[in-house]
Each structure stands twice: as structure tokens, then as C-alpha cells.
Amino acid sequence: METDNLYSQDLDSQLDGLGNPGFDLQHKHAKDPDAMDTEEHAQNAAESESDDEELIEDDLSILMRAWVNERNAPDLLDYQGTAIENLMELVDFQTQKIKSQPGLLANILKMDVDRVKYLVRSYLRARLAKIEDHAAHYVRDDVYKERLSRSELEYAKGFVALEEKHMRRSFLDQLPPHLRGLDETAGNGMDMVTKPDLDAAVFCRVRSNVGEFQFDASEDPIVMKRNNIFITRYSIIRNLLEDGKVELI
């Protein structure tokens, strides 16, 4: 009996050792701290390189992102003139190419051309709608004037002139001279010229790791990681949008 007990205890101890091999393996294969730091650095570098590669886009992707941002931002964003010029050159080339292609291939190419044309038209319409809503403000503000293309700036000035002419003919000329102004500021700071609401709520997606970001002075910073989605005031993430670190959705 004693021999059986000893044998049983011996067997149990061996089985315990086999059943928990990770304990010995963890000690035998423990990583050197310096090696772990090297691997972590390499991994971070690879992630950073991957982020940079994905931020390198063609003109179509640039314009599509600008189109979505323009439709969702309350104010006027930078004009993507280079991307539009390149795409329109491509459209002209494809249009000439369609004429020499057979029916099926010609239809496929025409679909691509129509898709690009729709994107450009919709992008420009979104910008024109903003210009008409706050034309006087954009014409007076030097920062926004730099965001306008030459044609858009001429359109904005013409729109302001026509609007002012219409108002004067309709009722302003019948008012006393001191009440005919269209760009005055009241004593309480209220401006007659309407401006976009920069505190409007927007949804944004993080394109590249931002790190800790202070959304509200009364709250703790929040870590903004790639592909995170937030809802916040536009004015808070405005600079991040201009830097290309976030996109509106």
C-alpha cells in the first residue's frame, strides 16, 4: 500500500508538470527586455509607415474626401483645384479614348467619366451653396478669400453686389440714410453679416493617430486613435481637419 501511495504521488507530480508546461516555458523562453523594446519600436515604426502609406492618395480619393468634408463642414474649406484640374484632364483623355473603343468597353469608360463628372459637379455645388449663404462674410474675410478659387471669388462678389442692389431697390432706399447699412454691428456685438456656425455638431473619423486630445477644458484628455469616430463641435476639431488628421462623415 505504501509503495502504491508513493507511486501515485510520483505519477501525480509528473502529470502536474506535464499539465502545466507553460510555467517552465515562460522561464525558458522569457524575452530579453532589450529585445522587447526593439520589437516594440519596430512595430510602432511599421504602424507609422502604414499610416503614411494610406494617406498617400490619388486625385479621385482626394476629391471624394474633400467632397464629403465640404458637405458636412459648416464653413468653406480649401479649394481642391489641383485635384480637379488633374481629373478634368483625365476626363478629356477618356472622352477622346471612348470614341475609338467598341461598344461594351466604351460604355464602361463612359460610366467612369460620368462618375467623375458627377463628383466634380456635386463638390462645386456644395461650395456654391455655402458661398450664397454667407457671401458677404467670405468676401470680407481674408482667410476665406484664400480658400476660394478665382471663379468662386468673382461669383461671391457678384452675388453680394446683386443682393445689395436688390435690397436697395426693394426697401433700403426708402429708409433714412443711417438705416441703410448692410454690414453694421449692433451695440451688443451682433453683426448684420451672417457667419457659418462653427459650433455645429459634426461626426469625425480619425485618419491617423493623434494621441491625447483635449475636447473640453473641463474634462480629461481623450486618446484619439486611428479609425475612432467622435461627435463633437466643429470648432474643436477644425484644426485637425485642416491638417488631414480627421475626416468628416
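Reader: Let's start inside: which residues have the most contacts within the largest nonpolar core?
Author: A nonpolar core here is a set of buried Ala, Val, Leu, Ile, Met, Phe, Trp, Tyr and Cys residues joined through side-chain atoms within 4.5 Å. Buried means under 20% relative accessible area, exposed is over 50%, and partly exposed is in between, using a 1.4 Å probe on protein chains only. The largest such core has 16 residues, and the ones with the most contacts inside it are F213, F215, M224, Y234, I237, V246 and L248.

Reader: And which element supplies the largest share of that core?
Author: Strand 1 (201-206), strand 5 (246-248) and helix 10 (234-242) each put in at least two residues. Helices (DSSP H or I runs of at least four residues) and strands (E runs of at least two) are numbered from the N terminus. The largest share, five residues, comes from helix 10.

Reader: Before going on, what pLDDT do local features need here?
Author: Residues are numbered from 1 along each chain as its sequence is written, and side-chain values use heavy atoms, with hydrogens and water left out. This is a predicted model, in which totals for chains, interfaces and linings use all residues, side-chain atom pairs count only at pLDDT 80 or more, and local features need pLDDT of at least 70.

Reader: What does F215 touch, leaving aside neighbours within four places in sequence?
Author: Contact means heavy atoms within 4.5 Å. F215 is one of the residues with the most contacts inside the largest core. Beyond its close sequence neighbours, F215 meets I222, M224, F230, T232, I236 and I237.

Reader: At roughly what angle do helix 4 and helix 6 cross?
Author: Axes are lines fitted to C-alpha atoms, for helices over the stretch in contact, and angles run from 0 to 180 degrees between N-to-C directions. The axes of helix 4 (residues 59-72) and helix 6 (residues 103-133) come within 10 Å and cross at roughly 35 degrees.

Reader: Is that crossing of helix 4 and helix 6 left-handed or right-handed?
Author: Check which way the near helix is turned from the far one, by less than a right angle: anticlockwise is left-handed, clockwise is right-handed. Here, the crossing of helix 4 and helix 6 is left-handed.

Reader: How buried is L119?
Author: L119 sits in helix 6 and touches L60, L63, M64 and W67, not counting residues up to four places away in sequence. L119 and L63 are 56 residues apart in sequence, yet 7.9 Å apart in space, C-alpha to C-alpha. L119 counts as buried because its relative accessible area is 6%.

Reader: Which residues of helix 9 meet helix 6?
Author: The axes of helix 6 and helix 9 (residues 150-170) come within 10 Å and cross at roughly 35 degrees, and this crossing is right-handed. Helix 6 brings L124, R127, L128, I131 and E132, and across from them helix 9 brings E152, Y155, A156 and F159.

Reader: Which side chain makes a polar contact with the side chain of D75?
Author: D75 lies in the loop between helix 4 and helix 5 (81-98), and D75 is buried because its relative accessible area is 0%. A polar contact is a pair of N or O atoms within 3.5 Å; within protein, one must be able to donate a hydrogen and the other to accept it, and residues adjacent in sequence count only if both atoms are side-chain atoms. For D75 the distance is 2.9 Å, and the partner is Y144.

Reader: How far is H137 from T194 in space, C-alpha to C-alpha?
Author: H137 is in helix 7 (residues 135-140) and counts as buried because its relative accessibility is 9%. Beyond neighbours within four places, H137 touches Y144, V193, T194, K195 and P196. H137 and T194 are 57 residues apart in sequence, and in space the distance is 6.8 Å.

Reader: What is the phi of N227?
Author: N227 sits in the loop between strand 3 (222-224) and strand 4 (229-233). N227 is exposed because its relative accessible area is 53%. Although N227 is not a glycine, its phi is positive, at about 75 degrees.
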